[in-house]
Amino acid sequence: MRFLFKTSYEQDIRLFRDRTDAFWYGLLALLVVGLPFVIDEYYVGETSWVFIYALCGLSLMVLVGYTGLVSLGHAAFLGIGAYAHAYFLQQGLPWVVAMALAVAITTAAGFVVGLPALRMTGIYLAIATLAFAVIIQEVFSRWESVTHGFAGMPVDKPTIFGVSFDDDRSFYFLCLFFLVVALWLTRNLLRAPTGRAWIAIRDSEIAAQSMGVNLAIYKSIAFAYSAGLMGLAGALFAHKIAYLAPDIFTILLSIQFLLLVIVGGLGSLHGAVFGAIFVALLPPVIAILRDSIPESLAGFAAATGIAPIGSLGAAIGAFLSKPGVEAGIFGLILVLVILLEPLGMYGRWLKIKLFFSTFPMYKKATFKRQKSYMRSERLR
Amino acid sequence: MNGLAVGCIYGLVALGFVLIYKATELVNFAQGDLLMLGAFVAYMAVAWWKLDYWVAFLISGLSVAVFGALLDAVVLRRVIGQPQFAVVMLTIGLGAIFRTFASVTWGSEIYTLPTPFGGVTTIGGVTLSHQYLSIVAGTFLLCGVLYLFFTHTRIGIAMQATSQNQLAAYYMGIPVKLIFSLIWAISAGVAAAAGILLSPVTLIDTNMGLAVALKAFAAAVLGGFGSIPGALVGGIIIGLIELYAGATLSEGLKNTAPYIVMLVVLAIRPQGLFGTLARKKV
C-alpha cells in the first residue's frame, strides 16, 4: 500500500503524479513505438485505426466528459476536416498547410455551432447537434464542385516535406505522433484554468457561474477545441480510408464515437484511449470469431461425438455473419456498460488498481455515484 | 394533405417522446424502433397468420405496449437518477439491439402491409386518398382517447400528478414505479399505432424507424419537449415544411429544411414553441 502525501497545490496539477507513473508511461511509449516492428503489417494498419479513433474520442471526451455538453453530431466535424484536407490537397497545397487549414476550418465550424449551443442545455443541445450533422451530411452530398457528391473523392497518400508516408508502418507513426501531441495538449489544457473551468461547468453551471467562470467563453472554447481535434482526426481518417463519400459521416458514426467515450469511461483521457481500442478492434475480433467459432466447435463435436455442439457453432457463425449484427453487439455492450459499470473501462481499471493498492480494506462504496431523484436537482 | 398526414405520424412519435419525458425525465431514442417493431408485428399478423387488419392493429399495439412496460421494468428503471446522457445512450443501444433483432428475424427485405383503405374521396374539388385520411383520423382518434384517459380516469390523473412531482406523488400513495411502466406501455403502444398507420406510406423495413424518429425529434423540440399539444403541432409543422420544401425548393432541402427551421426556432426560443423554461433560483 502506497501513500501519497501532497504538500503543495502544485502537486495536484503535475503532468505525471510521481516518478513511478512517469516510468510506466515511458515504458508504454517504448512499447507503442516498438510495436509495428514486431507485429504483422495488417495489424499495424488496424492499430492506426485505434489512434484515429482515440483522437476522435479525445475530442468528444473534452466536450462530453469534461464540459458536459452532449453532441450527437460529431461525425459532421470529422467529415468537414476530412473533406477540407482532401480538397486542399487536391488544390496542390503542401500537406502541412492543408492539415492546418482543415483544423482551422473545423475549429471555426465548432465555434459557430457552439454559439447557439450556449443557450441550450441537455437534450435540446443533443438534438441541435444532430440536426447540424444531418444538414452537413446533405451538404457533402450536394456540394459537388468541392466534394464530388456520391461519386466520391480520392485522397492521396500523405507526403510531408518530401517524405512519403505511403505504407502502413509509416502512417502508424504519423497517427501516433498526432495522437501524442493531442493528448499532451489536452492534458495541459485540462490542468490549466481552462480545463478546471470546463469541469466546473460540467459539475454545476450555476456554481461555476457564481465562482466567476464565464460560461459563454468557456463553452465556446470547448466546442471549438473539440471540433478542431475532430478536424485533425478527420484529416488522418481521410488518408486512412483513401476514398471519401458522404455516406460515411452518418449519425451512426457519431453514435459510435459516443459509445467509445462511454465504454472507455466518461471524464478521463485514459477512457478515450481505452474506448478507442475497444471500438477499433471489436469489428476485427467479431470477424475472427465468426470464422473461428464454427470451426473450433465443429472440431470439438467431431472429437467428442456430440453433434449438437457442431450445429450450434454453425448457427453462431451464421448469426454473426448476418448484416447489421455488429450494430446490435455494439448496442448490447453499450446497454450492459451503462447498467453495470457507468464509469466504463477506466472505472473498472481504477477499481482493480484500488483493490490491490488497499488490499485488505477495499471499500465498495468508494466509487458510489450520487443519484438525483428530485426534479429541482436536475435542472441543468 | 399528404404533409399533414406524415406530420401527424411525426406528431404521434413525438407524443411518445413527450409522454415519457414528462413523467420520467428520460428521453427515449428507441421510439422509432418501437414503431418499426409495431409495423412488423402487424405485418406478421396480417400476412402470416391471415388475421383481420383491425385485429392485427390491436395485437400489435398491445404486444408492443406490453413490451414497452417490460422494458421499463427490466432495464430503464435502473437508470432513473443517473445523468440524462446515460439514458440517451442506453436507449440508443436498445434501439440498435431492436434493429438487429428485426433484421435477423424478418430479414432485410421490404414488406407492404395490406390495408382496407383504398380509393379516394373528393371534397370540394380536392382529392384525398383514404390512406392519408386514415392517418389523420387515426391520429385525432388516438389523441382524443388519450386526452379523455388523462383527464377522466384515476390512473390518468395519477400519471399527471407523477409528471408534476415524482416524490410528492409517491408520498400521496401513488405507485410511481407502476405508473412509469404504464407510461412506457402507452408510449410504446402509440408508437406501434404510428408504425401501422405509416406502413402503407413508407413500406416496412428495419430502418423505417430511424428516419421517422429523427424528424419526430425535430417535431418534439420544435413544440417544446414536455408539451403534448406542442408535440402534435410541431409534428404537423415539420410534415408540412418537409412537403413544401420538397415541392417548391430543391430536392436536397426536403431533408434538411425541417432541421433548419428547428435550429432557427431553437436559436430564437431555446425552450421551443410551447415549452416552459425551467429555472432555478440560487
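## Terms and model

Buried means under 20% relative accessible area, exposed means over 50%, and partly exposed lies in between (1.4 Å probe, protein chains only). This is a predicted model, where local features need pLDDT of at least 70, side-chain atom pairs count only at pLDDT 80 or more, and totals for chains, interfaces and linings use all residues. Residues are numbered from 1 along each chain as its sequence is written, chains are lettered from A and ligands numbered from 1 in the order in which they are written, and side-chain values use heavy atoms, with hydrogens and water left out.

A salt bridge is a side-chain nitrogen of Lys or Arg within 4 Å of a carboxyl oxygen of Asp or Glu. The whole structure holds nine of them over all chains.

Take Asp203(A) and Arg202(A). Their side chains form a salt bridge, 3.1 Å from N to O. Asp203(A) is exposed, at 53% relative accessible area. Arg202(A) is partly exposed, at 24%. Elsewhere, a network of salt bridges links Glu341(A), Arg348(A) and Lys351(A).

## Salt bridges in chain B

Asp33(B) pairs with Arg99(B) in a salt bridge, and their closest N and O atoms are 2.9 Å apart. Asp33(B) sits in helix α2 (residues 31-48) of chain B and Arg99(B) in helix α4 (residues 84-106), so the pair ties together parts 66 residues apart in sequence. Helices here are DSSP runs (H or I, at least four residues), numbered from the N terminus; strands are E runs of at least two. Both Asp33(B) and Arg99(B) are buried.

Glu242(B) and Lys215(B) also meet in a salt bridge, at 2.8 Å from N to O. Glu242(B) belongs to helix α10 (residues 228-248) of chain B and Lys215(B) to helix α9 (residues 208-223), so this pair ties together parts 27 residues apart in sequence. Glu242(B) is buried, at 8% relative accessible area. Lys215(B) is buried too, at 9%.

## A kinked helix in chain A

Helix α12 (residues 269-304) of chain A has a kink of about 40° at Leu282(A). The bend at a residue is the angle between axes fitted to the seven residues ending there and the seven starting there. Gly305(A) follows α12(A), and its phi is positive, near 80°.

## A buried serine in chain B

Ser134(B) is part of helix α5 (residues 130-152) of chain B. Ser134(B) is buried, at 12% relative accessibility. Leaving out residues up to four places away in sequence, Ser134(B) touches Phe117(B) and Leu197(B). Contact means heavy atoms within 4.5 Å.
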